[in-house]
Amino acid sequence: IGSGKLYGISTTGDWVGVFYNKAKLKQRGIAVPKTLAEFEKALAIAPEFLPALTDLVLVAYSQKDPAKAIARVNKQIEISPQTASFQMLLAQLYEREGKPDLAEAGLKKAMDLEPGNNALYVALGSFYARQKRLDQAQREYETAVAKQPDLLQARMLLGVLYDTKRDYAK
C-alpha cells in the first residue's frame, strides 16, 4: 500500500514505523479497497475499536492524505463521542500536522472523558515537552506520579525532564 511502509501511532504520541512486503501483499491479492472495507466493517461491528480506526489512519497517511485521516477520526468521534482514545488519536494527528492548539484541545478532551486515566497526564506532559513547554510538562508528569506512584513511564519522563531543565539552566 502506498510507499511500502505505514506509520503507526502509539499512546505516547510517538510515531512507530510498520513495514511490510508489498510484493507479498500484491501476490496475495490484498489491495487498499479490500483493506479499507475490512477496517470499516470492524468499526461497524465495534464502533469503539481503536485498532481499526488507527489502521484507517495509517492507510490515509500511506496515501499522503492526512486530511482524510483527520476527517475519518472526526467521523468516528461523532459516532462514539465518549471514546477518549479517539480524541487522543485526533490530537496526535493534529500535532503531526503542525496544529498544536488543536492537539492540546484534543488531549484535554480525552482527559475530560477519562479523568482517572493517569496515562493521559503523561501524554499531555509529553506533548508539552515536545512543545518546549517544560514547566507545564513537569506539572503533568508530577500529577500523574502523585495520582499513581507506580506509574513508571511518568517517573522516567519526569527524571529526563529534570535533567533537561538543569541543562537549560546552565
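The structure is a predicted model, in which local features need pLDDT of at least 70 and side-chain atom pairs count only at pLDDT 80 or more, while totals for chains, interfaces and linings use all residues. Residues are numbered from 1 along each chain as its sequence is written, and side-chain values use heavy atoms, with hydrogens and water left out. The protein contains 9 helices and 2 strands. Helices (H or I, at least four residues) and strands (E, at least two) are DSSP runs, numbered from the N terminus.

**Overall architecture**

- Starting at the N terminus, the order of elements is β-β-α-α-α-α-α-α-α-α-α.
- The protein has 170 residues, and 40% of them count as buried. Buried means under 20% relative accessible area, exposed means over 50%, and partly exposed lies in between (1.4 Å probe, protein chains only).
- The accessible surface amounts to about 9,400 Å², and carbon and sulfur atoms provide 57% of it. Accessible areas come from the Shrake-Rupley method with a 1.4 Å probe; for residues, only the protein chains shown count as cover.
- Among contacts with a separation of 6 or more, 47% join residues 24 or more positions apart. A contact means heavy atoms within 4.5 Å.

**The nonpolar core**

- In soluble globular proteins, nonpolar side chains tend to be buried together.
- The largest nonpolar core of this protein has 43 residues, and Val57, Val73, Leu93 and Leu107 have the most contacts inside it. A nonpolar core is a set of buried Ala, Val, Leu, Ile, Met, Phe, Trp, Tyr and Cys residues joined through side-chain atoms within 4.5 Å.
- The elements that each give two or more residues to this core are helix 2 (32-45), helix 3, helix 4 (66-79), helix 5, helix 6, helix 7, helix 8 and helix 9 (152-169).
- Helix 5 makes the greatest contribution to this core, with 8 residues.

**Helix 3**

- Helix 3 (residues 50-62) has 13 residues, and the distance from its first C-alpha to its last is 18 Å, close to the expected 18 Å at 1.5 Å a residue. The expected span of a helix is 1.5 Å times one less than its number of residues.
- Helix 3 is mostly covered, with 10 of its 13 residues buried. Among them are Leu53, Leu56, Val57, Leu58, Val59 and Tyr61.
- After helix 3 comes Lys64, which has a positive phi, near 55 degrees.

**Helix 4**

- Helix 4 has 14 residues and spans 20 Å from its first C-alpha to its last, close to the 20 Å expected at 1.5 Å a residue.
- The residues Ala69, Ile70, Arg72, Val73, Gln76 and Ile77 of helix 4 are buried. Viewed down the helix axis, the buried residues of helix 4 fall within an arc of 160 degrees, so they line one face of the helix. The arc is that of the directions from the helix axis to the C-beta atoms.
- Ala67 and Glu78 are exposed residues on the face of helix 4 turned away from its buried side.

**Salt bridges**

- The structure holds 8 salt bridges. A salt bridge is a side-chain nitrogen of Lys or Arg within 4 Å of a carboxyl oxygen of Asp or Glu.
- One of the salt bridges joins the side chains of Glu95 and Arg130 at 2.8 Å, N to O. This pair links distant parts of the chain, with Glu95 in helix 5 (residues 84-96) and Arg130 in helix 7 (residues 118-130), 35 residues apart. Glu95 is buried at a relative accessible area of 18%, whereas Arg130 is partly exposed at 33%.
- Glu104 forms a salt bridge with Lys108, their closest N and O atoms being 3.2 Å apart. Both residues lie in helix 6 (residues 100-113), 4 residues apart, about one turn of the helix. Glu104 is buried, with a relative accessible area of 12%, and Lys108 is partly exposed, with 38%.
- Glu104 also forms a salt bridge with Arg133, with the closest N and O atoms 3.1 Å apart. This pair again links distant parts of the chain, since Arg133 lies in the loop between helix 7 and helix 8 (134-147), 29 residues from Glu104 in helix 6. Arg133 is partly exposed, at 25% relative accessibility.
- Through shared partners, salt bridges join Glu104, Lys108 and Arg133 into one network.

**Tyr121**

- Tyr121 is located in helix 7 and counts as buried, at 14% relative accessibility.
- Leaving aside residues up to four places away in sequence, Tyr121 touches Met111, Pro115, Glu140, Thr143, Ala144 and Lys147.
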